[in-house]
There are 2 protein chains.
Amino acid sequence: MVHAVIPFRPTNPKTRLSCILSQEEREKFALRMLSDVISTTNSACCRTVLLCTENISVEGAETVVKPLGLNEALNEYLAENDDSVLIIMSDIPLATRDSVIEMVKTGSDIAVVPGRGGGTNAIFVKNPKSFHVDFYGASFLDHLNICRDSGLTVEIVDSFRLSTDIDEKDDLVEIFLHSKGESRGFLENLGIKMSVEKGRVGVHRHTHKETP
Amino acid sequence: MVHAVIPFRPTNPKTRLSCILSQEEREKFALRMLSDVISTTNSACCRTVLLCTENISVEGAETVVKPLGLNEALNEYLAENDDSVLIIMSDIPLATRDSVIEMVKTGSDIAVVPGRGGGTNAIFVKNPKSFHVDFYGASFLDHLNICRDSGLTVEIVDSFRLSTDIDEKDDLVEIFLHSKGESRGFLENLGIKMSVEKGRVGVHRHTHKETP
């Protein structure tokens, strides 16, 4: 059974959303995005594992605690497992069952999904002992290079939904446009809405006017 | 035979790239991106038509002149044709043969590809007389609404490559990461390169230092 491994940092995540969400709200929002991703990986029949520096409990996934950096934790996990591993980020709530299934049924040794700007949003490793990850920077190119150097075949999966990571205020638009998941419900409950102004789509947060 | 219709404005395009390209360079770059898209639609066995407000000649496509606004020109074209029409933007040079074929072989009446931020990057119309376009603003949602109101079935095609339109300096990174086409060659010839600084990927333009 494919392990879907989701690295997750619960404390002070998504700092580039500070312009619209408080730290407490960002922590809750990150958990809602995580929950959307877990629903998706479970629906694609993966065994979903949260890889975390501390022990937290989230419905639908088991937690593996590794008090290490992102690369170190993932590489230790890969080295310890024999089943295929799908590493998938917690901030891609548009991920769908179909897009995840497309990854895990690849005919190549590795399937990789680039994020905007050269990151890696998801990477499927058929034989986990044969590969190591190198996140940060232009990790998409780094991962292609690791495949080439290791003689591993690689499929680049072309999916807008998997390539869309939510980092900045403008990215929230994509959730309103393309998701009906928990992340969207959370934003709506905060009074955040999509708006079209001067032909451009954005989000704004409705704030109640104080009565004197 | 499917008509691939590419609306194109040759004069002063892509103004949001003014920070890195002069007007003359932007006009040439827009033509190189167009050329990449034409190669792709031709490779997918479409008859490629440039829809333009003035008569220009570009290899690989025939030109239809309509001195109208974008929506008016496209809707007139749809009303005049019986063959299926794929409307595809000229600024999505990452488009591939496979992603275009996925659109034109849809089982639905309409196949649509969202751009980032709610735009529409490509839309396939099986029966052109049954549909009209409404670009600008949140056109992706507008097009879904038009389908619903007209009783047309719609497939939303999930493709990072088709969803990536090149509007801003940061978007150029995607060309360096994912394309080997003419657009990339043009940027490289200008001395524009991809760079990784502090873990973030960007582009910069190499300028020769003046000797005093």
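Helices (H or I, at least four residues) and strands (E, at least two) are DSSP runs, numbered from the N terminus, and two strands pair if DSSP finds at least two bridges between them. Within this pairing, B:Ile87 sits opposite B:Ile123 of S6(B). This is a predicted model, in which local features need pLDDT of at least 70 and side-chain atom pairs count only at pLDDT 80 or more, while totals for chains, interfaces and linings use all residues; side-chain values use heavy atoms, with hydrogens and water left out. Residues are numbered from 1 along each chain as its sequence is written, and chains are lettered from A and ligands numbered from 1 in the order in which they are written.

Now step back to the sheet that holds this pair. In chain B, seven strands make an open sheet with mixed pairing, in the order S3-S2-S1-S4-S6-S5-S7. Strand S3 (62–65) and strand S7 (154–156) of chain B are at the edges with a single partner strand each, so one side of each has no neighbour in the sheet. From one strand to the next, the twist averages 20°; angles run from 0 to 180 degrees between N-to-C directions, and axes are lines fitted to C-alpha atoms, for helices over the stretch in contact. Helix H2 (residues 70–80) of chain B lies across strand S1 (3–8), strand S2 (47–52), S3, S4 and S6, and runs at about 160° to S1(B). Contact here means heavy atoms within 4.5 Å.

A salt bridge (a side-chain nitrogen of Lys or Arg within 4 Å of a carboxyl oxygen of Asp or Glu) joins A:Asp167 to A:Lys14, at 2.7 Å from N to O. These partners are 153 residues apart, with A:Asp167 in the loop between H5 and H6 of chain A and A:Lys14 in the loop between strand S1 (3–8) and helix H1 (23–43).

The contact takes 25 residues from chain A and 25 residues from chain B. Between them the chains bury about 2,100 Å², 58% of it on carbon and sulfur atoms; buried area is the accessible area (1.4 Å probe) that two parts lose on being put together, summed over both. On the chain A side, A:Arg116, A:Asp158 and A:Phe160 lose the most area to chain B, together 30% of what that side buries. Two salt bridges are counted between the chains. A:Arg116 forms a salt bridge with B:Asp171, with the closest N and O atoms 3.0 Å apart.
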